[in-house]
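I opened the notebook with the sequence and the coordinates side by side. These entries set down what I looked up, in the order in which I looked.

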Amino acid sequence: MGRMANVRTTAATALVVALATAGCASEDGGTSAGNAAKPSGRDGVRFETDHPRARADQPTSVRLEGLTPRTRVSVRAQAKDQRDGTWAATVTRTADSEGTVDLGRDGTGRLLSGMLPAGGRTAKMTGSGKAFSYHPGPPAEQRAYTVRFTATATTGEHKGQRVARRDLVRQWLTEGTTHRKLTVDENKVDGDLYLPPKGGARQAPVLVFGGSEGGNAGTYTAALLASHGHPAMSVCYFRCGKGSDRPNGIDDIDLDYFTRAGELLRKQDGADPDRLAVMGNSRGSEAAQLLGQRRPEVFHDVIAYAPSSKVNGPYLTGTTAWTDHGEAIPTGPIPLDHVRGSVLAVAGGNDKMWGSQAAAGRMAGQGAKKLVYPDAGHHVNWFPYAQPGQEGGADGAVTRTSEADQRARADSWPKVVKLLN
């Protein structure tokens, strides 16, 4: 399960990446990470925004001012991915009687979250019904990314001409947050540790990991959580790369591995050791629930995205998926009666990967809280305004669910952060 990405995942999915050339502006992608080019416009036309520099999960409003009333414009948001491919989304709007096009938060959010590949091999995935998503460089290397907004007149005296441009800087890591790479050799765990600025109140630390996509899939989420004030660690438990000494599948993954990560996270500055939360997506939701159930002295809250309510078999091959102190954990329902804190299940009703909505219902029968989004698919996980892509629908048709997934994230993410606070 998890994101079956056709682009190799080295980190969680997220939205956009700026150009690799430091400090250089580009006509088709933005500027280097975190460096916005000076806004430009023609004949007084300009983009205005309430948050020119903000966290990547923060709602932002954009409006275009100074147009001739009733001028029709095409507004495009675009940026480069880690392979220098352009991703973009475009809307067409008509200026009001004051010469303004106000995208607001919803319209801006649709542009930020709706980007699809504009060319190259990945563009062929659009409409295929297969799952794919955007992959930038990890926050450890790029603390922020830049999205370029452009407006082109489609009517009036400037028809066919670009009339305004502005960059938005979207931050994974805000000022004062820090990163440390963790390795199996040195730390007995493979992952990334993100810490908020020193001196703040102790907050719930959060351990984050993904599903069958493998790799360090939670790194963007962990970075954003640190920017919210929570010490956070994204951990890779399989398919972690050469030299990691980790397996290549979900086979014989011991809960002790996650527990070591959790114990290390609890000791960090700014961490409230009694409130450690674990956040798992898809197949990772099994491990998250097992940790809350079997390690209540370590883990407090459990957040399970696109969950299963039972232990499944190994993936891709093997004898058993999960073990506890070396003993195989049998397949079957996962009890939640020993979880010390809250359990939250977030699921989509149009999940083709597996029946996460039904699983969330079974978890709710054991006292869990559930958030179910009927039109969303398997990719309801984590923060909004990122991870553009699409997937097949549960009805077997080629059904794009990315817009519904984004709506689910926009609704659920603030509730997750509130639970952690």
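This is a predicted model: local features need pLDDT of at least 70, side-chain atom pairs count only at pLDDT 80 or more; totals for chains, interfaces and linings use all residues.

**Entry 1: a lysine at a strand end**

I began with Lys 80, whose side chain makes a polar contact of 3.2 Å with the side chain of Thr 86. Lys 80 belongs to strand 5, which runs over residues 72-80, and I noted that Lys 80 counts as buried because its relative accessibility of 8% falls under 20%.

The chain has a mean pLDDT of 88, with 89% of its residues at 70 or more. Over residues 1-32, however, pLDDT stays under 50, although the model has 140 contacts beyond four places in sequence for that stretch.

**Entry 2: the chain as a whole**

I recorded seven helices and 25 strands in the chain. Of its 421 residues, 60% are buried, and the chain exposes about 16,500 Å², of which carbon and sulfur atoms supply 46%. I also looked at contacts between residues at least 6 apart in sequence, and 73% of these join residues at least 24 apart.

**Entry 3: the annotated active site**

Which residues does the UniProt annotation "active site" cover? The record, an unreviewed entry, gives Ser 282, Asp 351 and His 378. These residues span 97 residues in sequence, yet no two of their C-alpha atoms are more than 10.9 Å apart, so they gather at one spot.

I then took two of them in turn. Ser 282 sits in the loop that links strand 17 (277-281) to helix 5 (283-294), and its relative accessible area of 0% makes it buried. His 378 sits in the loop between strand 24 (369-373) and strand 25 (389-390), and this residue too is buried, at 0% relative accessibility. The side chains of His 378 and Ser 282 are joined by a polar contact of 2.8 Å.

In the loop between strand 24 and strand 25 I also found Trp 382. Its phi is near 75 degrees, a positive value in a residue other than glycine, and Trp 382 is buried with a relative accessible area of 0%.

**Entry 4: the disulfide**

How many disulfides does the count come to? The count comes to one disulfide, formed by Cys 236 and Cys 240 with their sulfur atoms 2.0 Å apart. The link between Cys 236 and Cys 240 is left-handed, with -105 degrees about the S-S bond. Both cysteines count as buried because they fall under the 20% cut-off, Cys 236 at 2% and Cys 240 at 18% relative accessible area.

Next I looked at Arg 239, which is found in the loop between strand 15 (232-236) and strand 16 (253-254). Arg 239 has a positive phi of about 55 degrees although it is not a glycine, and with a relative accessible area of 28% it is partly exposed.

Leu 255 is found in helix 4, residues 255-266, and is buried with a relative accessible area of 0%. Leaving aside neighbours within four places in sequence, I listed its contacts, among them Leu 290, Leu 291, Arg 294 and Ile 329.

Val 302 lies in strand 18, residues 301-305, and counts as buried at 1% relative accessibility. Not counting residues up to four places away in sequence, Val 302 touches several residues, including Val 278, Ala 288, Val 339 and Leu 344. Val 302 and Arg 340 are 38 residues apart in sequence, and their C-alpha atoms are 9.3 Å apart.

**Entry 5: a cis peptide bond**

Is the peptide bond from Tyr 315 to Leu 316 cis or trans? I noted that this bond is cis, with omega near 5 degrees. Leu 316 is found in the loop between strand 19 (310-311) and strand 20 (322-324).

Terms used
Residues are numbered from 1 along each chain as its sequence is written. Side-chain values use heavy atoms; hydrogens and water are left out. UniProt positions are given in the numbering used here, feature names are shortened, and annotations may be inferred rather than shown by experiment. Helices (H or I, at least four residues) and strands (E, at least two) are DSSP runs, numbered from the N terminus. Buried means under 20% relative accessible area, exposed over 50%, partly exposed in between (1.4 Å probe, protein chains only). A polar contact is a pair of N or O atoms within 3.5 Å; within protein, one must be able to donate a hydrogen and the other to accept it, and residues adjacent in sequence count only if both atoms are side-chain atoms. Contact means heavy atoms within 4.5 Å. Accessible areas come from the Shrake-Rupley method with a 1.4 Å probe; for residues, only the protein chains shown count as cover. pLDDT is the predictor's confidence in each residue, from 0 to 100. A disulfide is a pair of cysteine sulfur atoms within 2.5 Å.
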